[in-house]
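Have the sequence and the model side by side. This walk goes from pockets to a helix and then to a ring pair.

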Amino acid sequence: MAAPRRETVLLRPASGAARPCPLEWRASPRARRITLRLDPVSGHAVLTLPAGLSAGAGRRAGLALLRRHADWMALRLAALGPPLRLAHGAVVPLADAPHAVLHRPLAAPVAVLRPGRILVGGAAEGLAGQVLALLRQEAGRRIALHVRRHAGALGVAPRAIRLKDPRSRWASCTAGGVLAFSWRLVMAPDWVLASVAAHEVAHLREMNHSPRFWAALAGLSPDHAAAQAWLRQHGPRLLRVGA
């Protein structure tokens, strides 16, 4: 495809002012049609084109699709917010509570959690990695607690719990009983994390979304609908931490 892989175009929503829109073009031999989505990590609108389209035709059709969905994309970009660089003075949510990152260059090169603070020692270039390691560690601890509680209530047990950093889903359960969670859930309110854990544990009982599954989930997490609503509204900003 001759179009540049990345560029910035002007988005003109029907409501609101025109705004720049970072745009990424992708070609996929598996795509059957042109698709549009937002990559919450990079902050780019992504147009994926199927194979077989000429550069000119693909570009025209892709931009036409973006224009038709300009209002939707403008709202998504506005909700996304700016990336949060992990550096001295950054404020990182932990269980939805703000924690200030404070660099202490003369201290040992580790991150230490304190009420409302994340203290990081060592060289400045290692700060971001230390903060991410602390957040992942805390995520693993908190997720395991919720999984064990919910699993005990249902009389089931996962084969393993894994942490990942996906872009399109917060958690999953394999047919073999392996639960995987986005470590970024540790930045959401604890009740939201608990609800996501309940959803995946309920899949250990019912590997589907049948009425039996929803009944099991309701018994574990009556507020699961509110948790999903919270993630739809606020989840994109969690994906921007460290972006």
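Which element supplies the largest share of the lining of the largest pocket? Helix α6 does, with five residues. Keep in mind that this is a predicted model.

Start with that pocket. The largest pocket has a volume of about 440 Å³. Its lining counts 17 residues. Nearest the centre lie R76, R167, S168, W170 and L239. Now look at the elements around it. Strand β3 (35-39), helix α2 (70-80) and helix α6 (224-238) each give at least two residues to this lining. By class, the lining of the largest pocket holds nine nonpolar residues, three polar and five charged.

Move on to the second largest pocket. About 210 Å³ of space lies in it. The lining includes R169, W170, A171, S172 and C173. V196, H199, E200 and H203 also line this pocket, as do H209 and Q228. Two elements, β10 (171-173) and α4 (190-205), each give two or more residues to this lining. Which of the elements gives the most to the second pocket? Helix α4 does, with four residues. By class, the lining of the second largest pocket has four nonpolar, five polar and two charged residues.

One residue deserves a second look.

Next, turn to helix α3. This helix runs over residues 127-154 and has 28 residues. From first C-alpha to last, α3 reaches 41 Å. That is close to the 40 Å expected at 1.5 Å a residue. What follows the helix? Just after α3, G155 takes a positive phi of about 75°.

Finish with the aromatic rings. A pair of aromatic rings is described by the distance of the centres and the angle of the planes. The count here comes to one aromatic pair. The partners are F213 and W214. Their ring centres lie 4.9 Å apart, with 75° between the planes. The pair counts as edge-to-face because that angle is over 60 degrees.

Are the two partners buried or exposed? F213 has 0% relative accessibility, so F213 counts as buried. W214 has a relative accessible area of 36% and is partly exposed. The cut-offs explain this: buried means under 20%, and exposed means over 50%.

Technical notes
Residues numbered from 1 in each chain as written. Predicted model: local features only at pLDDT ≥ 70, side-chain atom pairs only at ≥ 80, totals over all residues. Heavy atoms only, no water. Phe/Tyr/Trp six-rings, centres within 6.5 Å; stacked < 30°, edge-to-face > 60°. Buried < 20%, exposed > 50% of the residue type's maximum accessible area, 1.4 Å probe, protein only. Expected span 1.5 Å × (residues − 1). 1 Å grid on protein atoms, 1.4 Å probe; cavity = no way out; pocket = protein on both sides within 12 Å on 5 of 7 lines; lining within 4 Å. Points joined across faces, edges and corners; volume = space filled by probe spheres on them. Nonpolar A, V, L, I, M, F, W, Y, C, P; charged D, E, K, R; others polar.
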